[in-house]
Amino acid sequence: MAPSRFFREACFIGGEWLPAGADFIKVDNPATGRTVGRVPKLGRNEAHTAIDAASGAFPAWRAATADERGAYCHAFHDALMDNQAALAELLTIEMGKPLAEAKAEIAYGAAFFKWFAEEARRVYGDIIPAPSANKRIIVTKEPVGVVGAITPWNFPNAMIARKAAAALASGCAIVCKPASQTPFSALAFGVIAEEIGLPKGVLNIITGSAEAIADAFCQHPALRKITFTGSTETGKLLAAKAMAGMKRVSMELGGNAPFIVFDDADLDAAIEGAIASKFRNAGQTCVCANRIYVQSGVYESFAEKMSDRMRALKVGDGLDAGVDQGPLIDEAALRKVEAHIEDATQNGAQLVTGGRRHDKGGTFFEPTLLRDVTSAMAIASEETFGPVAPLFRFDTEQEAIAMANDTEYGLAAYFYTENLARAWRVMEALEYGMVAVNEGIISTPAAPFGGVKQSGFGREGSKYGLDDYLNIKYGLIGGLGK
Ligand code: SIN
């Protein structure tokens, strides 16, 4: 493809482009193995420069009215949607997901800008009844300041959009550090920022050493908040360092989503939900169904329908027409998928379909269905992050709830039932930040995205999404007479 104007092999700091020099990161297309390009490998010093740039831009940005900031967010939304095709193509080339999913991701990312453009004008305060007649208590909300965002490769556009839109709308300036596998979709935000005339320094994108940049985020006094999406393991290390610098922190971490199908479910709807949840992004999302629990009465028919549906999934280069599943991100991802399948089959699970590296080679893997999976297998407790659907059997509602909650994670959970009382009961009993009933896709800018337990804290999107970027200030006015 001819590179679009969004393709930049340079970082975006203080409104200026800093090209890749001798120290760079090479980015490969996971579908073809071909090099897409190279980006600067920046470290601590450049991260400090970016934080300084954001810090310099912050006073004027926070002083802008909510409408003014909202207008820039609307402009971001429009630019993303006006260029959806080009941005989606760039995303597919560096990340591998099918083009239709990449387009959906651009729309998902753009929707956060629209959402928060509108939320910006609803940052209300409070007046609290004071304990004495001559006093008044006032609560206002103020932007936290400069935000450092560290984002993953699985949603190279939307995970930045979800953070940057909330930061910008609330009056914060931001420095984003995207995953090294997918920097180009991130750098495209710099191009858009320039084109819509966003004040210099309000949004900065830096690529490079994750450790050095994270350390700079944790140590620089002007950086006030760190927002991270990624693994629980990395999140814990980052949170510990961030605490040493007393930074506010939001952590959107790993998941191990249960997907429960009760006997009284609409089975066809449950199959479609399971396919949507499991095979979105080839199973590489933190909200993907990781454990599929099916009640005994429908177990056999669910397994049969699921395998028919999965056999029809087309695997290939995300740029090719009709592809449902692209490659996995890298060799390590393939090895984890293989290890989970091997552990399960060695311990008694049956392979129904798939189970091997795909004939296409590279990092392509067959959509895989396992049945007779049990809680003793690794796949029950670890996030697979790949296209493996493991079927567990259960008999009672209590058993399903206990199995679903038997994990250190608590991000998303799904279940299918046509019984309203059961829907309420189970939704309340599941220890998760997000629960979907009779739906396989849960994510939308209108809803609060986030987890409990080892899946982290903080909420992104919805009316709650700005709270993580705002400090509460208590004002006391006294001396008002008797
Ligand atoms: C993620 O996998 O980290 C996010 C998925 C989503 O927003 O739906």
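Tutor: Let's start with alanine 71, which sits in helix 2. Before we go on, this is a predicted model, so to speak of local features we need pLDDT of at least 70, and side-chain atom pairs count only at pLDDT 80 or more, while totals for chains, interfaces and linings use all residues. Residues are numbered from 1 along each chain as its sequence is written, and side-chain values use heavy atoms, with hydrogens and water left out. Helices (H or I, at least four residues) and strands (E, at least two) are DSSP runs, numbered from the N terminus.

(Buried is under 20%, exposed is over 50%, and partly exposed is what lies between, using a 1.4 Å probe and protein chains only.) Now look across to lysine 114: it is 43 residues away from alanine 71 in sequence, and their C-alpha atoms are 9.4 Å apart in space.

The axes here are lines fitted to C-alpha atoms, for helices over the stretch in contact, and angles run from 0 to 180 degrees between N-to-C directions. (Under 35 degrees is roughly parallel, over 145 roughly antiparallel, 65 to 115 roughly perpendicular, and the rest oblique.) The crossing of helix 2 past helix 4 is left-handed, meaning that the near helix is turned anticlockwise from the far one by less than a right angle; clockwise would be right-handed.

Keep an eye on Phe76 and Phe113. Together with Phe189, they form one aromatic cluster. The rule for a ring pair covers Phe, Tyr and Trp (its six-membered ring): centres within 6.5 Å, with planes under 30 degrees apart called stacked, over 60 edge-to-face, and the rest tilted. By this rule there are 13 aromatic pairs. Take tyrosine 293 and phenylalanine 392: their ring centres are 4.7 Å apart and their planes are at 45 degrees, so this pair is tilted. Tyrosine 293 is in strand 13 (residues 289-295) and phenylalanine 392 is in strand 16 (residues 388-394), so the pair links parts that are 99 residues apart in sequence. Tyrosine 293 and phenylalanine 392 are both buried.

For contrast, here's another helix pair. Helix 1 and helix 7 also have an angle and an axis distance: about 45 degrees and 8 Å. That makes helix 1 oblique to helix 7, and the crossing is right-handed. Arg44, Ala47, His48 and Ile51 of helix 1 meet Ala212, Ile213, Ala216, Phe217 and Gln219 of helix 7. Histidine 48 is buried at 18% relative accessible area, and it touches Ala216 and His220, leaving out residues up to four places away in sequence.

Helix 7 (residues 210-219) has Ile213, Ala214, Ala216, Phe217 and Cys218 buried. Their cover includes helix 1 (44-63), strand 7 (146-150), strand 8 (173-177), strand 10 (223-229) and helix 8 (232-244). Valine 147 belongs to strand 7 and is buried, at 0% relative accessibility. Its C-alpha atom is 4.7 Å from that of isoleucine 174, 27 residues away along the chain.

Definitions and conventions
Contact means heavy atoms within 4.5 Å.
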